[in-house]
Amino acid sequence: RIPDTRVHAILFFIAPTSHFLAPLDIIVTKKISKNCNVIPVIAKSVSLTMEERTAFKRRIKEEIEFHGIKTYPYVDIEEDHMIPFAIVGSERNVVIDGKTVRGRRSRFGIINVENEKHCEFVNLRNFLTRTHLQDMIEVTSQVHYESFRTRQLLALKESTRQCPVETHYPKQHPIKPF
């Protein structure tokens, strides 16, 4: 069996500090989405209140739709209200009520990464590894890879049309003695 080395998903992190997608974000996500499943994620969402998070998600969705950016999943699903996912990351463990959890301390208290009231990390993890993994693999194979392959074949066809291949060998120049 040949191992599958293709990229099946790209998490596109959006800074919560801006009020919209930057022009570079729009260009990059449009380009990337031609080759891979792009999933928008709001990074450091702890800096937003719940109302700000909801408004920011709505604004990002509107911009994605306005600019014609294709994000995964491509059809409406149950979890659509979650996309873009708002997450808080942490590499450390903290102790909450005698239990060790992944999280971080802030001036407002302890943020538990796995608590759905604090962030949507658990939902993102489930989305990527449990509910949509097989579909992402199939979309990569049937949509993105075939699209890539078609573009490559068309480019090859165009390049051969522009530079015709010589069917005969070039003339050999005789070697002159010194």
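The following legends describe close-up views of a predicted model. Residues are numbered from 1 along each chain as its sequence is written. In this predicted model, local features need pLDDT of at least 70, side-chain atom pairs count only at pLDDT 80 or more, and totals for chains, interfaces and linings use all residues, while side-chain values use heavy atoms, with hydrogens and water left out.

**View 1. Helix α2 and its span.** Helices (H or I, at least four residues) and strands (E, at least two) are DSSP runs, numbered from the N terminus. Helix α2 comprises 17 residues and extends 24 Å from its first C-alpha to its last, close to the 24 Å expected at 1.5 Å a residue; the expected span is 1.5 Å times one less than the number of residues. G68 follows α2 and has a positive phi, near 70°.

View 2. Buried means under 20% relative accessible area, exposed over 50%, and partly exposed in between (1.4 Å probe, protein chains only). The buried residues of α2 are R53, F56, K57, I60, E63 and I64. Seen down the axis of α2, these residues fall within an arc of 130°, so they line one face of the helix; the arc is that of the directions from the helix axis to the C-beta atoms. An α-helix has 3.6 residues a turn, so residues three or four places apart point the same way. E51, E65 and F66 are exposed on the other side of α2. The buried residues pack against β1 (10-14), α1 (23-32), β2 (38-42) and β3 (85-86).

View 3. E63 lies in helix α2 (residues 50-66). This residue is buried yet has no salt bridge, and the nearest side chain of opposite charge, R59, is 6.6 Å away. A salt bridge is a side-chain nitrogen of Lys or Arg within 4 Å of a carboxyl oxygen of Asp or Glu; Lys and Arg count as positive and Asp and Glu as negative, whereas His and the chain ends are not counted. Apart from neighbours within four places in sequence, E63 is in contact (heavy atoms within 4.5 Å) with H19, F20, L21 and I26.

View 4. Three strands form an open sheet in the order β1-β2-β3, with parallel pairing; two strands pair if DSSP finds at least two bridges between them. β1 and β3 stand at the edges, each with a single partner strand, so one side of each is left without a neighbour in the sheet. Two bridges join β2 to β3, and I42 stands opposite A86 in β3. F13 belongs to strand β1 and counts as partly exposed, at 44% relative accessibility. Not counting residues up to four places away in sequence, F13 touches V41, A43 and I87.
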